[in-house]
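This report describes a protein chain through its fold, its salt bridges and its aromatic pairs. Please consult the sequence and structure shown below.

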Amino acid sequence: MTHPETEDLELRARDDHHASLRLWLRLLSCTTLVEDSIRQQLREQFDISLSRFDLMAQLERHPEGLTMGELSRRMMVSGGNTTVIVDQLEKEQLVQRQIAAKDRRSFRVLLTPSGHKAFARMASAHEGWVVDLFSGLSERQQQQLSNLLGHLKTSIHHNPSNPPSEHA
């Protein structure tokens, strides 16, 4: 499901723009195209949103579960959005809330056994879609791009004008 206004953000760049701006728009355009493709595949094949898939992915990485606050921070969304997603997944018996042993007023969110199975199927398909999306690049080109983006990430982290971020 692509949106005309975001279909190719790179079109905003002009020849007189700085190379860094053109590169940023190219990265943003590629990210949007990949994300839109994955979002559409998740909807069509599993009837699930990307945000619900992302929440389940967070829980898969943390078998002990996560608090609602931890989920919100990791997903970079508001607590209200997280609550709505957890409520939906709980109705479908893919996640469960478990009262914390140390503080009975709080709880952790965990994948249920059926949630683990459903996520494993989705994650396998997701990996295949990503491999397919990047298949236009050789393994060597993918490694080069990964290395260059790694250098960019390090450079951004070490830039004194860039505030520290918990998201990277």
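The account moves from the whole chain to individual side-chain pairs.

The model is predicted, so that local features need pLDDT of at least 70 and side-chain atom pairs count only at pLDDT 80 or more, while totals for chains, interfaces and linings use all residues. Residues are numbered from 1 along each chain as its sequence is written, and side-chain values use heavy atoms, leaving out hydrogens and water.

**Overall fold**

The protein chain contains six helices and two strands, where helices (H or I, at least four residues) and strands (E, at least two) are DSSP runs numbered from the N terminus. Their order from the N terminus is α-α-α-α-β-β-α-α. Of its 168 residues, 25% count as buried; buried means under 20% relative accessible area, exposed over 50%, and partly exposed in between, with a 1.4 Å probe and protein chains only. Among contacts with a separation of 6 or more, 46% join residues 24 or more positions apart, a contact being heavy atoms within 4.5 Å.

**Salt bridges**

Six salt bridges are counted, each defined as a side-chain nitrogen of Lys or Arg within 4 Å of a carboxyl oxygen of Asp or Glu.

Within helix H1, Arg39 and Asp36 lie three residues apart, which means a separation of about one helical turn. Arg39 is partly exposed at 28%, whereas Asp36 is buried at 5%.

Arg108 is partly exposed at 23%, as is Glu70 at 22%.

**Aromatic pairs**

The structure holds two aromatic pairs. One of them, Phe46 with Trp129, is tilted, at 6.2 Å centre to centre and 55 degrees between the planes. Rings of Phe, Tyr and Trp (its six-membered ring) pair if their centres lie within 6.5 Å; planes under 30 degrees apart count as stacked, over 60 as edge-to-face and the rest as tilted. Phe46 belongs to helix H1 (residues 19–46) and Trp129 to helix H5 (residues 113–133), 83 residues apart. Phe46 is partly exposed at 27%, while Trp129 is buried at 11%.
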